[in-house]
Amino acid sequence: MKKKKTTRKQHIFEDLARRIRNEEWGFGVRLPTREELAAEYSVSKITVIGALKLLEEENLIEKRQGSGSYVKWRRDNMFFPFLQDNHVRK
């Protein structure tokens, strides 16, 4: 069986998710800009945008128009996931 190759977008997503979960950036902290991340990972801004979209889909960050991307994840979310905004039943 052939091992599936990880895309650059997936690799960046996994690395950023690890950094968030290890609290390199705490709750509410603004992430580096797309340009800074593209330079850090030596990829295009489009690749970074894709990775940020995956982080947003996983509820790790939130994007704020004209302001940037901010850490939404808290360590408490690991232990009490039902308290997250998207899991609250109305």
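## The largest pocket

The residues lining the largest pocket comprise 5 nonpolar, 6 polar and 5 charged (Ala, Val, Leu, Ile, Met, Phe, Trp, Tyr, Cys and Pro count as nonpolar, Asp, Glu, Lys and Arg as charged, and the others, Gly among them, as polar). This is a predicted model, in which local features need pLDDT of at least 70 and side-chain atom pairs count only at pLDDT 80 or more, while totals for chains, interfaces and linings use all residues. Residues are numbered from 1 along each chain as its sequence is written, and side-chain values use heavy atoms, without hydrogens and water.

Of the 16 lining residues, Arg34, Leu52, Lys63, Gly68 and Ser69 lie nearest the centre of the pocket (an open set of points on a 1 Å grid over the protein atoms alone, where a 1.4 Å probe fits, with protein on both sides within 12 Å along at least five of seven lines; lining residues have an atom within 4 Å of a point). Helix H2 (34-41), helix H3 (45-57), strand S1 (61-64) and strand S2 (68-71) each supply at least two lining residues (helices, H or I, of at least four residues and strands, E, of at least two are DSSP runs, numbered from the N terminus).

## The helix pair

The axes of H2 and H3 come within 9 Å and cross at roughly 110 degrees (axes are lines fitted to C-alpha atoms, for helices over the stretch in contact, and angles run from 0 to 180 degrees between N-to-C directions). The two helices are therefore roughly perpendicular to each other (65 to 115 degrees). Arg34, Glu35, Leu37 and Ala38 of H2 meet Lys45, Val48, Ile49 and Leu52 of H3 in this contact (heavy atoms within 4.5 Å).

## The hairpin

S1 and S2 run antiparallel and are joined by 4 bridges (strands pair if DSSP finds at least two bridges between them). Ile61 stands opposite Val71 in S2. The hairpin has 3 residues between its strands, and Gly66 takes a positive phi near 75 degrees.

Key:
Parallel < 35°, antiparallel > 145°, perpendicular 65-115°, else oblique.
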